[in-house]
Amino acid sequence: MRDEAILKTIRALGKNHIPARYVENGDDLLAAVESFIAPGDVVGVGDSETLRELGVYDRLRTLNVEFLDKREPGLTKEEKRDIYARNFSADVFVSGLNAV
């Protein structure tokens, strides 16, 4: 039942042009995230604590991408607001998926 629900959710997201992938662990997650990203991409992220805890934001900081890092220390409110707005035109947007 659980696997069927996961597949159904992935298919529904795909029909809405949202690529999704189920992963079993943090290492698989990092590999999956990287598979969606090309060098030079602009990459935005949601506010997922799960992604932070699993090291996704730290990994993005090491890649050859423009990471729209709204968690960067010292950002002003205006800079954060600009990052939130730029997320809408990012090449890749990485987000967790809860309560679907």
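Author: Start with one term: a salt bridge is a side-chain nitrogen of Lys or Arg within 4 Å of a carboxyl oxygen of Asp or Glu. This is a predicted model, in which local features need pLDDT of at least 70, side-chain atom pairs count only at pLDDT 80 or more, and totals for chains, interfaces and linings use all residues. Residues are numbered from 1 along each chain as its sequence is written, and side-chain values use heavy atoms, with hydrogens and water left out.

Reader: What makes E66 and R86 a salt bridge?

Author: Their closest N and O atoms are 2.7 Å apart. The limit is 4 Å. The pair therefore qualifies as a salt bridge. E66 lies in strand β2 (residues 66–67) and R86 in helix α5 (residues 77–86), so the pair ties together parts that are 20 residues apart in sequence. Helices (H or I, at least four residues) and strands (E, at least two) are DSSP runs, numbered from the N terminus.

Reader: Why is D69 called buried?

Author: Buried means under 20% relative accessible area, exposed over 50%, and partly exposed in between (1.4 Å probe, protein chains only). D69 has 8%, so D69 is buried. Its salt-bridge partner is R61, at 2.6 Å from N to O. R61 has 39%, so R61 is partly exposed.

Reader: How do you know that R52 and E53 form a salt bridge?

Author: The N to O distance is 3.9 Å. The cut-off is 4 Å, so the pair counts. R52 stands at 38% and is therefore partly exposed. E53 stands at 59%, so E53 is exposed. Both belong to a network of salt bridges that also links E49 and R71. By this rule, the count comes to eight salt bridges.

Reader: What makes D3, E24, D27 and D28 a patch?

Author: Patches are made of residues with over 30% relative accessible area and no salt bridge; like charges are joined within 9 Å, and nonpolar side chains (Val, Leu, Ile, Met, Phe, Trp, Tyr) within 5 Å. Asp and Glu count as negative. These four gather on the surface as a patch of negative charge. E24 has 63% relative accessibility, so E24 is exposed. E24 is found in the loop between α1 (2–15) and α2 (26–35).

Reader: How does the span of α1 compare with the expected one?

Author: The expected span of a helix is 1.5 Å times one less than its number of residues. α1 has 14 residues and reaches 20 Å from its first C-alpha to its last, close to the 20 Å expected. Just after α1, H17 takes a positive phi of about 60°.

Terms used: Areas by Shrake-Rupley, 256 points an atom, 1.4 Å probe, with all protein chains shown as cover. Charge placed at Lys NZ, Arg CZ, Asp CG, Glu CD.
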